[in-house]
Amino acid sequence: MIFDLDQHYKDLQEEARECARAIEHIAVEADNMSELHPGVLKALQASNLSNLMVPAAFGGRSEMIDPLAICVVREVLMATSSHLDSLFALQGIGSYAITVGGSDEQREEWLPKVARAEVLPALALTEVDAGSDIKRITTEGTGAGDAMVLNGNKSFISNAGAAAFYIVLAKEGPKDAGGFSMFLVPADAKGVSISPSPELIAPHVLGEVDLKNVSLTDKNRLGVPGKGMDLTLATLSVFRVSVAGAAVGLAQAALEEAVRHTRTRHQFGRPLARLGPVAQMLADSWIEIEMARLLAYRAAAMAKDDPGSTLQHSSMAKLAASEMASRVVDRSVQSMGRFGLIKDSKIERLYRQARPMRIYEGASEVLRLGIAAELVRIVE
Ligand SMILES: Cc1cc2nc3c(=O)[nH]c(=O)nc-3n(C[C@H](O)[C@H](O)[C@H](O)COP(=O)(O)OP(=O)(O)OC[C@H]3O[C@@H](n4cnc5c(N)ncnc54)[C@H](O)[C@@H]3O)c2cc1C
């Protein structure tokens, strides 16, 4: 049971703070961009934090990827910049299928570069007509051996345009057999083209990935044919909980903005922070952040030991923390009055950035279905 982090994780937090401080002056600019900010990438490369996303055998920091380490780092990075947080997170989300499903050749080719953030990866699951209902994807791999062809269209893919490769989930096998496979598609493969996704309220490096008659060989295959969904679930098991870490970091930053404002601004002869309802908002937010942080750290520690069997705990932590972050940031804006509404102020940025967290890597409503199903299964 975790009540406080070991020194090892506290040292990591300090490393992450150093990286965040290095980009503080460009955070607003980067967080307003839908393309890669070179200064943020440079800082990530200089930090060596990406080596947390790869096992030591392929240039990573520890023998096995540690979800708690990733969680505490995202908590720190997100408090400063969603652009930085997303770049860091994608180094793992976009490469984990290679770590667990790739051949030694694929691992040796890509993972050391991922660990040094020399290349950026991307995970392409979503399509225009397939979001939560991922089994509705129509992207398809046909043919066999060295004569495979991939056709389809992936939508809202993080790092699209900046990535060196795409891990693509596609249908494969006889019609209605329900088989899905994973393919590693280099960004420069013939037939791969990228176009911009719609601009979001909280900009994100995002694009649409068109795959037209992309020729593949067995060397592009990740894992076993027909078992692509297993690699998708494995990725979520390790990385979904890290969204909880980012949400806690965002909420903490929002609360601190509210505290700084409400303790210095006076109305009715007192600091706002001493007016009952405002004090209540601050207190409720602090309590909720503490609860979400404990849940996130615990779920992340569990995921380290046995990611496969702890997906629902990761879902709980992600759901609780992302919903909490929305409540906290909303209260923080409210307690700051009109000063909470100023465009590109830190609080306004956090307000916009909290929103997508309840939708990506498992929308809240869909996560509740899985959590409830698990509850019904385990209660005797
Ligand atoms: C910033 C950002 C980055 C992203 N990056 C990536 C990426 O890198 N790779 C990738 O593959 N995808 C990515 N996505 C896509 C993301 O994974 C999808 O948005 C997500 O899966 C939800 O799908 P959807 O948006 O199509 O919503 P839908 O599935 O259409 O859901 C809409 C609403 O209906 C609810 N709903 C759906 N099904 C049910 C159900 N059975 N029961 C109850 N309620 C339900 C949902 O909870 C939600 O509230 C990204 C999205 C965003 C916003």
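Visitor: Hi! How do α3 and α5 pack?

Guide: Helix α3 (residues 38-47) and helix α5 (residues 82-93) have axes 10 Å apart and pack at an angle of about 55 degrees. This is a predicted model, where local features need pLDDT of at least 70, side-chain atom pairs count only at pLDDT 80 or more, and totals for chains, interfaces and linings use all residues. Residues are numbered from 1 along each chain as its sequence is written.

Visitor: Where do the axes and helices come from?

Guide: Axes are lines fitted to C-alpha atoms, for helices over the stretch in contact, with angles from 0 to 180 degrees between N-to-C directions. Helices (H or I, at least four residues) and strands (E, at least two) are DSSP runs, numbered from the N terminus.

Visitor: What does that angle make α3 and α5 to each other?

Guide: Oblique, therefore, is the word for α3 and α5; angles under 35 degrees count as roughly parallel, over 145 as roughly antiparallel, 65 to 115 as roughly perpendicular and the rest as oblique. α3 passes α5 in a right-handed crossing (right-handed if the near helix is turned clockwise from the far one by less than a right angle, left-handed if anticlockwise).

Visitor: Which residues make the contact of α3 with α5?

Guide: From α3 there are V40, L41 and L44, and from α5 H83, L84, L87 and F88. Contact means C-beta atoms, placed from the backbone, within 7 Å. By class, 6 are nonpolar, 1 is polar and none is charged (Ala, Val, Leu, Ile, Met, Phe, Trp, Tyr, Cys and Pro are nonpolar, Asp, Glu, Lys and Arg charged, and the others, Gly among them, polar).

Visitor: Now α8: how does it run against α9?

Guide: The axes of α8 (residues 228-264) and α9 (residues 276-305) cross at roughly 160 degrees and come within 9 Å. So α8 is roughly antiparallel to α9. Their contact has 18 nonpolar, 5 polar and 1 charged residues, and α8 passes α9 in a left-handed crossing.

Visitor: And α4 with α8, left-handed or right-handed?

Guide: That crossing is right-handed. Helix α4 (residues 67-80) and α8 cross at roughly 30 degrees, with axes that come within 7 Å. Among the contact residues are R74 and E75 of α4 and G245 and G249 of α8.

Visitor: Zooming out, which domains is the chain divided into?

Guide: Domain 1 (7-115), domain 2 (121-226) and domain 3 (229-378), with bounds from an automatic or database domain assignment.

Definitions and conventions: Two residues are in contact if their C-beta atoms, placed from the backbone, lie within 7 Å.
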